[in-house]
Amino acid sequence: VKAYGIESHHLLSVIEGCQMDLSQTRYLDYAGLQRYCHLVAGVVGEVAAQIFGQTDPATTQYAHTLGLAFQLTNILRDVGEDALRGRIYLPIDELKQFDVKAQDLMQRQYSERFTALMKFQAERAHRLYDEAFALLPEADKRAQKPGLMMASIYRTLLREIEADNFQVLHQRVSLTPLRKLWLAWKVQALGRL
């Protein structure tokens, strides 16, 4: 905690986010989901950036935004599993906007409406990845390589979900360990995402 400047509010935020999972299974809108993502992923990204060797205060916003992108990717990957557990992280107002019912998710019913909803969600996640990369100060690019390796893996996973036409209600799309290693190596050795 002392070595990396981790403050109690960081840890308490993560606990608060985990507590939300115990009592809240739906989110009315993106603002509500964003708050949850902030607590369980954005704050984690901020702490990780400090551990990785952050030197520029602007790196905090990069790390927070990247954490949000990771969490949205997780949500898209786990839509089917979560629905079977009675959890739907996709905002209710967006489900309504695309005329997708919670029951459709729980019964693993694919439709053009579901695909449109998922494309909308994936585009949001891609915007967050792009925003995060743009926010990373040049001075901290080397120190933040672990986060960039994770970003390469997570964004590739998002692209796989898209390439599979969002077939996430009955399966969990994943990358092999070898592919993850390859993606991480490309960032480390070649600096390519």
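**Cavities, a pocket and a helix**

Let's start with a hole inside the protein: helix α4 gives the most residues, three, to the lining of the largest cavity. Helices here are DSSP runs of H or I with at least four residues, numbered from the N terminus. This is a predicted model, in which local features need pLDDT of at least 70, side-chain atom pairs count only at pLDDT 80 or more, and totals for chains, interfaces and linings use all residues. Residues are numbered from 1 along each chain as its sequence is written, and side-chain values use heavy atoms, with hydrogens and water left out.

So what's a cavity? On a 1 Å grid over the protein atoms alone, it's a set of points where a 1.4 Å probe fits but cannot get out, and lining residues have an atom within 4 Å of a point. Two cavities of 30 Å³ or more turn up by this rule. A volume is the space filled by probe spheres set on the points, with grid points joined across faces, edges and corners. The largest cavity comes to about 50 Å³. Around this space you'll find I75, V79, D82, A83, R87, I88, Y89, L90 and L105. Sorted by class, that's seven nonpolar, no polar and two charged residues. (Ala, Val, Leu, Ile, Met, Phe, Trp, Tyr, Cys and Pro count as nonpolar, Asp, Glu, Lys and Arg as charged, and the others, Gly among them, as polar.)

The second largest cavity holds about 30 Å³. Its lining is made of L33, L72, I75, L76, L90 and Q121, and α3 gives the most, with three residues.

Now for an open space. A pocket is an open set of points with protein on both sides within 12 Å along at least five of seven lines. The largest pocket has about 220 Å³ of space. It is lined by 18 residues, and V44, G45, G67, F70 and M150 are the closest to its centre. Helices α2, α3 and α8 each give two or more residues to this lining. The lining has 12 nonpolar, six polar and no charged residues.

Finally, follow helix α7, residues 112–135. At 1.5 Å a residue, its 24 residues should span 34 Å, and the end C-alpha atoms are 35 Å apart, which agrees.

How values were computed
The expected span of a helix is 1.5 Å times one less than its number of residues.
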